[in-house]
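Thanks for coming. I will go through one structure, starting with a single side chain and ending with the core.

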Amino acid sequence: MSVLIRDRFTCQMIGCGRIEPNTSLLVADHKLQHHGDEALFWDENNLQCLCKTCHDKLKQKQERAQARW
């Protein structure tokens, strides 16, 4: 919740910027994949607010593309 508040309930995905007061439609997303690293998992500087649409479509697509390399 602190990440959503810090980011003012605004999607941080470039080109989106959606302000969403319904927190069930927001995700605290890891900027860098943590791969089990607890410090990175809990690091609030590695978290950003994304709307569920951006997270479920755009961010997941980016992560799948990176996994291929």
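Which backbone oxygen lies 3.0 Å from a polar atom of the side chain of His30? The backbone oxygen of Phe41 does. This is a predicted model, where local features need pLDDT of at least 70, side-chain atom pairs count only at pLDDT 80 or more, and totals for chains, interfaces and linings use all residues. Residues are numbered from 1 along each chain as its sequence is written, and side-chain values use heavy atoms, with hydrogens and water left out.

His30 sits in strand β1, residues 26-30; strands here are DSSP runs of E, at least two residues, numbered from the N terminus. His30 is buried at 16% relative accessible area. Buried means under 20%, exposed over 50%, and partly exposed in between, with a 1.4 Å probe and protein chains only. Leaving out residues up to four places away in sequence, His30 touches Leu40, Phe41, Asn46, Leu47, Lys59 and Glu63; contact means heavy atoms within 4.5 Å.

Phe41 also belongs to the 1 aromatic pair in the structure. Rings pair if their centres lie within 6.5 Å; planes under 30 degrees apart are stacked, over 60 edge-to-face, the rest tilted. Phe41 and Trp42 have centres 4.8 Å apart and planes at 80 degrees, so they are edge-to-face. Phe41 is partly exposed at 30%, and Trp42 is exposed at 63%.

Now the core. The largest nonpolar core has 8 residues, including Leu4, Met13 and Leu50. Such a core is a set of buried Ala, Val, Leu, Ile, Met, Phe, Trp, Tyr and Cys residues joined through side-chain atoms within 4.5 Å. Strand β2, residues 47-51, gives the most to this core, 3 residues.

How values were computed
Helices (H or I, at least four residues) and strands (E, at least two) are DSSP runs, numbered from the N terminus. Rings of Phe, Tyr and Trp (its six-membered ring) pair if their centres lie within 6.5 Å; planes under 30 degrees apart count as stacked, over 60 as edge-to-face and the rest as tilted. A polar contact is a pair of N or O atoms within 3.5 Å; within protein, one must be able to donate a hydrogen and the other to accept it, and residues adjacent in sequence count only if both atoms are side-chain atoms.
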